[in-house]
Amino acid sequence: MAADAAFLYLDRSARRPLDPGFAAAATSFRVRTLPLGGGQLVVPRSSGLIASLPAANHDLAKARVADCGGPWVEAASTPGKSMAQVAASRFRWDADSKKAGPLPQPLLPDEALIIYWPDQPPQGPLLPTALDGISEDDAATHLLASSNTARDGELERTLLRAPAVGLVRFERYRHLALRAGKLEVAQPSATGAWVLQLPPGGITIPTVLSPLEDPRTLVWEHVAIDHAIDCTARIVTLHLLRLPDVLASEKFRPAVLAQMSWLFRSWLAWLRVIAPVEQPASPDPTPNIPAAIRTPFEGAAAANRARVEAMAGHVLSDQEARTSLLDFVTSYYAPLLCGRSWSELGVDLPIEPATRPAALVQAHRTLEHLPHSSQTWLLAFAGCPLGRPGRVYEPRTPPAPAPPRPLSCLTTFDLEAAAIAGLTTAEYPDVQAPDVTDPLEQVDLSGFAGDSSGVLAMLRAVDADPPHQEFTTYDWLAEVVKGAGRSVRQSPEVDFADYAAGGHPLASPLRFAQYQDAVELHTRMGRLNAARIGGSPLAAATIAWWSTTTGLRDGAGTWPAYTVTAGDTRVLAGPSAPYKASTTLNLPSPIPYGTNDGESAPNTPRVTGFDEFDIEAVLRAAKVVRNGKTLATDLDPALFLALIEREGFRASASGERLGTVREIVDAFPPGVRGLAHSADHIGVMAWLFFPFGLDMVVLNKPAQKLPFANAGFVSRSRDNFRDHFLLRLTAEGLLDPAVDPLVDWETALRYLNARRPGSWPPRALHHATVSRTALWMGFAIQQATFQWVHRLLSQATTPPNGTPPAGGNPYVQVPELMAPPPAVGANATTEQRRRYIAYWALVYLAFNVLESTWNAWVKAVPAPVIAAGTSISEYLVYHHNAAPDALDPPGGLPRLRGHRGNMVRFAAALDSYLRLAYGAATEDTTDPAARTWPAL
């Protein structure tokens, strides 16, 4: 296809199109404007980014849209305007239009899919014989005609298609001007948007629905109107010729009947009003239509199924009627459905009501109303051709540094706006400025053809509750090709593997290879879960080895542990089931804050296993988090899994999949309670606390007291989040926005707030994870914070027996943490693996306890042990306790026996997940008893 595809991430607030968000309760939304005489020309927030376009921000009152958009009203004579201009001064703006966007202009939210096709020389044909389309042959199997001399029609490489079965309609863009405080239509555009309404489950509703299968709206932005008209005409023709098939689906039948009613009503009105003038020599098929069939379509009401079928049957059986109707569809009906005006079609409509013949009043009203009708949705099959992208133009002075397309170029709409504002000469001094004096005609951009080297379109999902983006275009497409994992596993709708292997342009932005790696690791987990060492599961054999080696297990099968709720205690050795099946558990709702999913009693969580989507989120995070010591991107996914396991994610995984509501009951102050953005923000901060254990992100170290009920919680925790990124993670190179723009602190916080909506029920705050793609960000922040601790340890300057200076690096030096990190080793029995596990377990201890406590553990290691060549990390991880309950090495506070128990749990988890052998041919099922590691 020779296309570039990427998801757009708006990394600057100035580019965000809905900032402040276009929320249902908002009274205004932000746009950009260009100077236009004594007024302002409204352009999208993504426009006007080149220096020669003096764009300014403007908060537009939502009420102003009603100045020129709304339900159809009959045009009335207006001084200084022709009737055509009066009609063109308003556009259809119904509930569906308002849902799709704030204005009839391009809209680019976060994670919109941007596809750019650079121009290419004509390529040779692919078909040995030409294929007719539906307009050429009633029995055609394709909508468009395709020749055997070029790659056109269905083989056109830039052809846009409906991604799923649903109802579609074309919304033409309009250039709008603010004059004297009112919004007016300045000029129509040569581009527009296809709006696609997808019903739940497609044609049939499956037993289990992903939230993305709820009724959903998608939009193809920046589509050229000319080819959209051709596709519209052919879709209407298809409806006529295959009406029984089109009406077979009860789900779509009302919309099809409404559209077919408009088709027949407007055709009969055209035969009476326009055809006698425009086509006087053409035969009139009206006298041959029986009155009983014709009369129901001569009024203003929609006809029922029987009447629509009767009219269609007559038209298809009468050659004159058929020819007349299909000519009307191509020349008038389809252009009008796509937003062309009667004036643009060369027809002098509407005329003043007083001049209409009495017998033709209703016919005139029907024809005038047609372009504004809300009942002309078309049923499109999955893969239905919809048109071609609009052209984009390269600026002579591109912005530096160049942002991604389309922000680095001018869309057709952008260049039209520059022409209407009289600003093209500044950027293109050698191109004559277009004539924009006729407000009824689109701007002629043919003079700029030399500055266009390709076409571009954008696919976006319409947000159900802006500014939230619970499910974005990325989410929708990812589920189409990967499936979903919520209450049960849902298979993908498209078998994408072969397409991805063939270089499909969506394979890379959808991270399909990464997903396939995750599927392989999940499959390995299943095999590891089934693996046996003698008669015991591999996981049990691993825990037995750790219990024997460390001497921590008592007669009840518990190890020491330290928990927030129980303090220094003992719990069952673990992880006992690291490869557990990823069955989603049924949960109560809401779940109290700080409680694991499905807890039937305190500290008795119901734990599930990782599924492939959890693992995919880990792999995505691993691409952007760097090694704290070397800043290399060489972190094994097992490190992420072990940390996630230890901090309790698996005990909350079911709720993350299901979007289960989590509840915080607290005395939130009046200045916080009730504010939507506060609910979102507090919910995200609570989520970072639990299940990610990221207190230091929300509160910073040294730990500060900042309860949810604190009036400054929102502002202070936001500042802490920002500082954690700017002063630690991105400042130290642990997260690089150049690798993924989402790891910029502000973008990351906005990303999480959008995908985890909060709400304010009485006496509580509710929050939930809706989009599972939010998980990768949580995993990335967690591991980057872990690596920040690692970086501090590797840069410590205080000798082992010294006291770190106040305000400086808080850790003492440990020799192995100063040296290059150990390699992971070939399998579970190698000496390299021994050192690798111990190294990272010592880092985990620092992540898990206060700095002074970690220093105390390091200092407690006996000097003779170190002198004999044993590293501090190996001793603390592997040495055999004198007794299961002993604090060993001996001593006292601040050390607790549970600290070492937590460290060993991390080591055991890392040991288990390293057996996935990421990057190797298969998993590692080596018997842990085969280790010949020296006893300590």
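**Entry 1: helices 18 and 30**

The model I am reading is predicted. I then looked up the geometry of this pair. Helix 18 covers residues 637-646, and its axis lies 8 Å from that of helix 30, at an angle of about 140°. I logged helix 18 as oblique to helix 30, because only angles over 145 degrees count as roughly antiparallel.

Next I listed who makes the contact. From helix 18 I have A638, L639, L641, A642, L643, E645 and R646. Helix 30 answers with N902, R905, F906, A909, L910, Y913 and L914.

**Entry 2: helices 26 and 30**

I stayed on helix 30, residues 897-914, and turned to helix 26, residues 831-848. Their axes come within 9 Å and cross at roughly 135°. Helix 26 is therefore oblique to helix 30. I checked the hand as well: the crossing of helix 26 and helix 30 is right-handed.

The contact list on the helix 26 side reads R833, Y836, I837, W840, A841, L842, Y844, L845 and N848. On the helix 30 side I found H899, N902, M903, F906, A907, L910, D911 and L914.

I compared this with my first list. N902, F906, L910 and L914 of helix 30 take part in the contact with helix 26. N902, F906, L910 and L914 also take part in the contact with helix 18.

**Entry 3: S717**

I moved on to a single residue. S717 sits in helix 22, which spans residues 713-729. Is S717 buried or exposed? I read a relative accessible area of 0% for S717, so it is buried; the cut-off for that is under 20%.

I then looked for polar partners of S717. Its side chain makes a polar contact with the side chain of H681, at 2.7 Å. A polar atom of the S717 side chain also lies 2.6 Å from the backbone oxygen of F713. Leaving out residues up to four places away in sequence, I noted that S717 touches H681, M685, V698, L706 and G712.

**Entry 4: nonpolar cores**

Last, I looked up the cores. The largest nonpolar core has 229 residues. Which residues have the most contacts inside it? I found F264, W267 and W854. Apart from that core lies another, of 22 residues, with L41, A417, A419 and F448 among them.

Not counting residues up to four places away in sequence, F264 touches L240, F297, V308, M311, A312, V315 and L325.

Terms used: Residues numbered from 1 in each chain as written. Predicted model: local features only at pLDDT ≥ 70, side-chain atom pairs only at ≥ 80, totals over all residues. Heavy atoms only, no water. Core = buried A, V, L, I, M, F, W, Y, C linked by side-chain atoms within 4.5 Å. Buried < 20%, exposed > 50% of the residue type's maximum accessible area, 1.4 Å probe, protein only. Contact = heavy atoms within 4.5 Å. Helix = DSSP H or I, 4+ residues; strand = E, 2+ residues; numbered from the N terminus. Polar contact = N/O pair within 3.5 Å; in protein donor to acceptor, adjacent residues only side chain to side chain. Axes fitted to C-alpha atoms, helices over the stretch in contact; angles between N-to-C directions. Parallel < 35°, antiparallel > 145°, perpendicular 65-115°, else oblique. Left-handed = near helix turned anticlockwise from the far one by under 90°.
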